[in-house]
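Subject: Structure handover

Hi,

Here is the structure I promised to pass on. Please open it alongside this email, and my notes follow below.

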Amino acid sequence: MSHKTSSAFSRREAIVAAGAGAALLATGAAEGKSSVPQDKVTIYHIEGRRSQRIIWLCEELAIPYEVKFKRGDTMASLNMLKAVNPKMAMAPTVVFRGKTMVESGGIIEYLMSQFPGGERLAPKTSSPDYADYKMWMHYAEGTAACRINAEAMRELADRDRTIKPATIGGVFRIVGAQDVVDFLEAYIATHPYFGGNTFSAADIMMDFVATYIKTLPFDPATYRNLDLWQAKVQARPACQRALSIGLPDGPEKLRSQRK
Ligand SMILES: N[C@@H](CCC(=O)N[C@@H](CS)C(=O)NCC(=O)O)C(=O)O
């Protein structure tokens with residue numbers, strides 16, 4: 001793996017991803033062109049966060065990209081992100097063709113529409129799987145992550161390590177986080193992927209949700225099939241490359257840093 005430093009940050013501070021992106025950077029240089037292709041995606045990243053999704057997408061589609069974060073230092077990575085996107089400093093923040101974007105699902109769908117091969121990561125619109133794909137693409141953030149997060153925040157506040165139904169303004173939600181876990185589990189127990197029969201961007205979106213679930217005290221017996229599916233999708237070479245770039249010290253190190 002080769003690393004290339006960003007002009008904006010020192011070698012220790014910035015990591016420019018290898019893999020597909022580096023391959024294209026190298027091609028440009030060999031032809032005497034700019035070593036920075038116009039269509040390069042810049043991903044502002046925090047280890048273990050949703051920005052991992054964009055690295056994975058770029059690896060799946062061989063999109064040229066660079067990743068900016070400070071290894072092992074969440075606050076420094078956040079500050080890099082804030083410097084480029086002060087009003088909405090969220091991971092991922094992506095800079096592409098002069099635009100700064102947030103919202104991982106939107107970024108993924110946009111990049112898929114802009115690079116060759118993007119259509120490989122979605123079922124055809126004529127396929128019965130297309131409805132499932134669309135639903136999970138949006139459910140991942142629209143419902144799953146935020147409902148789980150609402151209860152996680154309460155759980156962290158209570159410190160009693162139990163998941164309780166979240167309330168909004170004192171009113172109980174009908175659909176709680178365990179309902180979300182049960183819904184995912186029921187689907188993935190009967191389908192190979194979240195986009196139905198084939199791997200798709202919906203799996204990239206849902207992977208973070210599965211990881212999030214594992215960090216909270218849900219009963220693992222309620223997400224066994226989700227676990228099996230996650231092991232399967234994470235074994236993909238593109239995901240493995242993305243993890244070695246975006247989470248170089250592994251999830252354990254990250255967990256120990258959070259304690
Ligand atoms: N729905 C957004 C959520 C982005 C988000 O909340 N990212 C987290 C990291 S995983 C973040 O930046 N948190 C900082 C904050 O909320 O202040 C997406 O999918 O991109």
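Predicted model: local features only at pLDDT ≥ 70, side-chain atom pairs only at ≥ 80, totals over all residues.

**Ligand site**

Start with the ligand. Around the ligand sit Arg-49, Arg-50, Arg-53, Met-90, Ala-91, Pro-92, Glu-103, Ser-104 and Glu-141. By class, this shell has 5 charged residues, 3 nonpolar and 1 polar.

For Glu-141, the corresponding distance to a ligand nitrogen atom is 2.8 Å. The backbone takes part too: a polar backbone atom of Ala-91 is 2.9 Å from a nitrogen atom of the ligand. On its own, the ligand has 500 Å² of accessible area, and the protein covers 70% of that.

**Cis peptide bond**

Stay with Ala-91 for a moment. The peptide bond between Ala-91 and Pro-92 is cis, with omega at about 5°. Both residues are also among those around the ligand. Pro-92 belongs to the loop that runs between α3 (74-84) and β3.

**Sheet**

Now the sheet. It is open, has 4 strands and runs in the order β2-β1-β3-β4. The pairing is mixed. In general, strands of a sheet pair through backbone hydrogen bonds, parallel or antiparallel.

Why is one side of β2 and of β4 left without a neighbour in the sheet? β2 (65-68) and β4 (99-102) are the edge strands and have a single partner strand each, so one side of each has no neighbour there. On average, neighbouring strands are turned by 20° against each other, direction ignored.

Look next at β1 and β3. Strand β1 (residues 41-44) pairs with strand β3 (residues 93-96) over 3 bridges, in the antiparallel sense.

**Positive phi**

Ala-62 is not a glycine, yet its phi is positive, at about 55°. You will find Ala-62 in the loop between α2 (51-61) and β2.

Best wishes

Conventions: Residues numbered from 1 in each chain as written. Heavy atoms only, no water. Near = heavy atom within 4 Å. Polar contact = N/O pair within 3.5 Å; in protein donor to acceptor, adjacent residues only side chain to side chain. Areas by Shrake-Rupley, 256 points an atom, 1.4 Å probe, with all protein chains shown as cover. Nonpolar A, V, L, I, M, F, W, Y, C, P; charged D, E, K, R; others polar. Pairing = 2+ DSSP bridges. Helix = DSSP H or I, 4+ residues; strand = E, 2+ residues; numbered from the N terminus. Axes fitted to C-alpha atoms, helices over the stretch in contact; angles between N-to-C directions.
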